[in-house]
Amino acid sequence: MNNLANIPESYLRNLDSQIKQILVSFGSETEDNVECMNHFELGYLGTDFGIKIKNKKIFISDIINALEDMEELPQEVKEYYPNMTDQEWQTSTRLSTLIFCWFEASLKKYYLKQLESANYKNKEKPINNRLIFSNT
Amino acid sequence: MSASYETYERYGCEEEAKDCDQKQKLSPKPDHETQPKWIAEIGLVDPRRLGKPKRYRYRIAIVAKKGTREWLKQFEAKPENEPGRYAIPANELPKFNNEYVISISIAKRGTD
């Protein structure tokens with residue numbers, strides 16, 4: 001089942017491009033958002049699939065997970081929310097990691113569904129958002 | 001040809017990992033002696049989903065004798081939904097260590 005290495009590069013790039021379009025549409029085509037899209041890509045490291053820093057072997061979910069080692073509320077956040085506790089900060093970072101991992105797992109499931117699809121091999125099918133986020 | 005051993009993994013903190021490496025066995029967590037010890041088939045557990053990274057910073061790899069899986073099956077947590085994850089009861093841990101474990105090695109996540 002875990003056979004991501006068989007996915008054609010062209011399909012991966014197509015999915016990458018469409019995910020970025022979805023994200024920019026969800027946010028806005030601002031300078032920050034567009035710049036962000038230029039610095040990540042979908043890809044796999046070994047058998048693990050996810051959203052990674054472009055041209056580097058680092059998943060963004062790993063970076064978000066590493067942020068959890070900052071257990072004390074950072075000063076920059078404290079300036080916005082002076083009454084926030086360290087526990088509430090830790091809740092925020094834990095949830096961020098989980099949601100990001102969930103999103104990646106959903107993308108992977110979508111990918112694998114495409115692999116199983118008989119029509120998939122010779123076509124670059126449009127991305128169906130409902131498929132990506134269902135049945136996780 | 002099938003391997004003459006089986007491999008499993010667990011994620012833990014630095015203290016636990018070094019203890020496992022030194023003693024070549026899984027030990028109960030101090031003050032949690034009655035809790036089961038979880039191990040899993042290789043690649044099934046994403047440590048990022050478990051909790052704060054420093055608590056799961058190390059991958060503890062366990063090489064066990066052939067036949068271990070058969071014994072572990074009785075402790076499989078959710079065979080239908082999450083196969084391959086085993087909760088070894090505290091009172092069965094000595095048997096696991098003495099009769100099934102061949103060796104234990106550790107690696108820091110991000111460096112293995």
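What percentage of the 112 residues of chain B count as buried? In the predicted model, in which local features need pLDDT of at least 70, side-chain atom pairs count only at pLDDT 80 or more, and totals for chains, interfaces and linings use all residues, residues are numbered from 1 along each chain as its sequence is written. Chains are lettered from A and ligands numbered from 1 in the order in which they are written, while side-chain values use heavy atoms, with hydrogens and water left out.

Of the 112 residues of chain B, 40% are buried, a term that denotes under 20% relative accessible area, as against over 50% for exposed and the range in between for partly exposed (1.4 Å probe, protein chains only). Chain B comprises three helices and six strands, taken as DSSP runs of at least four residues (H or I) and at least two residues (E), respectively, and numbered from the N terminus; their order from that terminus is β-α-β-β-α-β-β-α-β. Among contacts in chain B with a separation of 6 or more, 83% link residues 24 or more positions apart, a contact being heavy atoms within 4.5 Å.

Strand E2 (37-41) of chain B is largely enclosed by the rest of the structure, because four of its five residues are buried. E2(B) pairs in the antiparallel sense with strand E1 (residues 5-12) of chain B over two bridges, where pairing requires at least two DSSP bridges between the strands, and B:Glu41 of E2(B) stands opposite B:Tyr8. E2(B) is also joined by four bridges to strand E5 (residues 82-88) of chain B, again in the antiparallel sense, with B:Ala40 partnered by B:Arg85.

The loop between E2(B) and strand E3 (58-65) of chain B holds B:Arg48, which is buried at a relative accessible area of 11%. Apart from neighbours within four places in sequence, the contacts of B:Arg48 include A:Phe59, A:Asp62, A:Arg94 and A:Glu104 of chain A, as well as B:Arg109.

In chain A, strand E1 (residues 40-45) runs antiparallel to E2(A) and is joined to it by six bridges, one of which pairs A:Glu41 with A:Lys52. The two strands form a hairpin with two residues between them, and A:Gly46 in the turn has a positive phi of about 65°.
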